Amino acid sequence: MYRGAMLAMGLCAAMPVAAQSREDDVARLTRLVEQQQAQITRLEARLAAMEGQKVAATPTPLGQPLASEAHPAPPPQVAGQTVSPPRLPFPLGQALPSDAHPPSLDARLARIEKAQKDGVHVDWSKGTPEFTSTDGKFSFRPRGRILIDLGTTMGSDVAARNITATQARSLRLGFEGSVGQHLSYLLEGDFADNEIAIKSAYLAWTTGFMGQQAEFALGNRLNDRGLDGSSGTISVPFLERNFVGQGIIPVRGFFGLGAAARIYGDGWHVGVQVSGDDINNPGTAGDGLTIGARAHWNPVKTADWLLHLGVWGFHEDLATDVARPTRAIAVGGFFNDNLRISAGSFANARSGDGYGFELGAFHKSLWAYGEYGSRTLRNVTGSTDQNAWAVQGGWFLTGETPPYLTRGGVWSRPRVLRPFTSGGSGAVELATRYEELDYSDNPTAGRGTALTLGVNWYLNNFVRLQLNAIDWSVANPVAGRLAKDHGQTLIGRAQIAF
């Protein structure tokens, strides 16, 4: 009895002590958890800051533009993880920006707002670094292109035409930039066909006009003339522009020093250009005067279909020192100077008029279009007519949409869905073209045809490998008669344009 009473008293005395001990343990554990949670929060903040610095400092690889709201960056890959889905193709009528038509006012404003929001001062999405000020109002980017050809001609009855040769088709370097929301500039020099020349060199002001967007430019810039003629060599589907773009052309050539104005609407544009001679013309006589205009319209524009209609024309009053009013056209590649459609001679040419029509259709990864052009040259004794036409079509086997821009109705470059330089297959395009050019209304000039099969492999948005197989025919005057010749040419090209 006595021992039981003592045990009960001991238990009663120990219970408050044990309860107090448990409360102390719980308090210590609570403080420890709170301290660990605060430490984890601080570590996570430091890690996020370090990762943000790493992303800002690491340049984007070629072929992988910086992420945007429209095309967010894929999640990072780890070992054993499946490859992320490929990029989605651009909608029809959209492609990478064109050299021939600077970005729209909306695109300029978006760039300024993005720079102000993200604080990104160097953008590698165009292949070379584009430097932008903190407020986004100033930008500067070096640009250029390298086009190297290897070609061979066979089957000609004229032995001098059967040659194999290499050529630097174009080595171009320049820069572009913008000042504020409206003003842009561009300057480029080019080495091509064994000649050095200034190409684009102009200032452009982009603004609103009558409820639309307009661009006003001063300087030397590419003509707005036909679908191929208005597009850069690096953008057209074949190694060279078609016969309409090459042959039905003013004396001043593809460029002219003067003033230009363009108005852009939803699926249409109208452009007018007034210019003198090419910027590289020697100053031994007064300039000629060329007035040109072009308009295009996309009457059908859906998710799967796009229709292109275009018309253009020009009038030229020629300078007194013009000795060659017509160009001899390469029918089997620029590497072979012995294979040309003869331009003949037309003494004392005083004026000329040209016009042309365009019709094209685009459906998902397929495209087809045709062009026709005509030109009349006049001198004091008469006139001569020149005509050309071309039909062509193609298909992107890898699912890309054709790189046609509704802004300006021109060719640009495709957005490669699976860049080869990032572990994908690149973009593969098959194309074919038939074209004719006839200068023979002038008895001293010739005519010719060409059937071309082409393969284009775009490794990424900036690098393209091309192969063109051409079956050609020419008929040039020799000893008072047209001497016909027929043969084949195979040309390959490596192109990088940035």
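Predicted model: local features only at pLDDT ≥ 70, side-chain atom pairs only at ≥ 80, totals over all residues.
The protein chain holds 3 helices and 22 strands. Of its 498 residues, 44% count as buried. Among the contacts in the chain with a separation of 6 or more, 63% are accounted for by residues 24 or more positions apart. The accessible surface of the chain comes to about 24,500 Å², and carbon and sulfur atoms contribute 64% of that surface.

Strand S15 covers residues 366–379 and strand S16 covers residues 382–396. These two strands pair in the antiparallel sense, and 14 bridges join them. S15 and S16 form a hairpin, with 2 residues between them. In this pairing, Arg378 stands opposite Ser383 in S16. S16 also pairs with strand S19, which spans residues 427–438. The sense of the pairing between S16 and S19 is again antiparallel, over 10 bridges. Trp395 stands opposite Leu430 of S19. In a regular strand, side chains alternate between the two faces of the sheet.

The second largest pocket has a volume of about 1,500 Å³. Its lining is made up of 50 residues, and those nearest its centre are Glu195, Lys199, Gly253, Phe254 and Arg327. Two or more lining residues come from each of strands S3 (138–154), S4 (164–179), S5 (183–192), S6 (195–209), S7 (212–222), S8 (255–265) and S12 (329–330). Of these elements, S6 gives the most to the lining of the second largest pocket, with 5 residues. By class, 20 residues of this lining are nonpolar, 9 are polar and 21 are charged.

The structure holds 6 cavities of 30 Å³ or more. The largest cavity contains about 120 Å³ of space. It is lined by 17 residues, of which Glu240, Val331, Gly333, Arg433 and Ile470 lie nearest the centre. The elements that each give two or more residues to this lining are H3, S19 and strand S21 (463–478). The lining of the largest cavity divides into 8 nonpolar, 5 polar and 4 charged residues.

Ser235 is placed in the loop between S7 and helix H3, the latter comprising residues 243–247. Ser235 counts as buried because its relative accessibility is 6%, under the 20% cut-off. Leaving aside residues up to four places away in sequence, Ser235 touches Trp411, Ser412, Arg413 and Arg464.

The other two residues are noted for their backbone angles. Most residues other than glycine have a negative phi. Asn348 is not a glycine, yet has a positive phi of about 55 degrees. Asn348 lies in the loop that runs between strand S13 (340–341) and strand S14 (351–363). With a relative accessibility of 49%, Asn348 counts as partly exposed. Lys364, also a residue other than glycine, has a positive phi near 55 degrees. The loop between S14 and S15 is the place of Lys364. At 45% relative accessibility, Lys364 likewise counts as partly exposed.

Conventions. Residues numbered from 1 in each chain as written. Heavy atoms only, no water. Helix = DSSP H or I, 4+ residues; strand = E, 2+ residues; numbered from the N terminus. Buried < 20%, exposed > 50% of the residue type's maximum accessible area, 1.4 Å probe, protein only. Contact = heavy atoms within 4.5 Å. Areas by Shrake-Rupley, 256 points an atom, 1.4 Å probe, with all protein chains shown as cover. Pairing = 2+ DSSP bridges. 1 Å grid on protein atoms, 1.4 Å probe; cavity = no way out; pocket = protein on both sides within 12 Å on 5 of 7 lines; lining within 4 Å. Points joined across faces, edges and corners; volume = space filled by probe spheres on them. Nonpolar A, V, L, I, M, F, W, Y, C, P; charged D, E, K, R; others polar.
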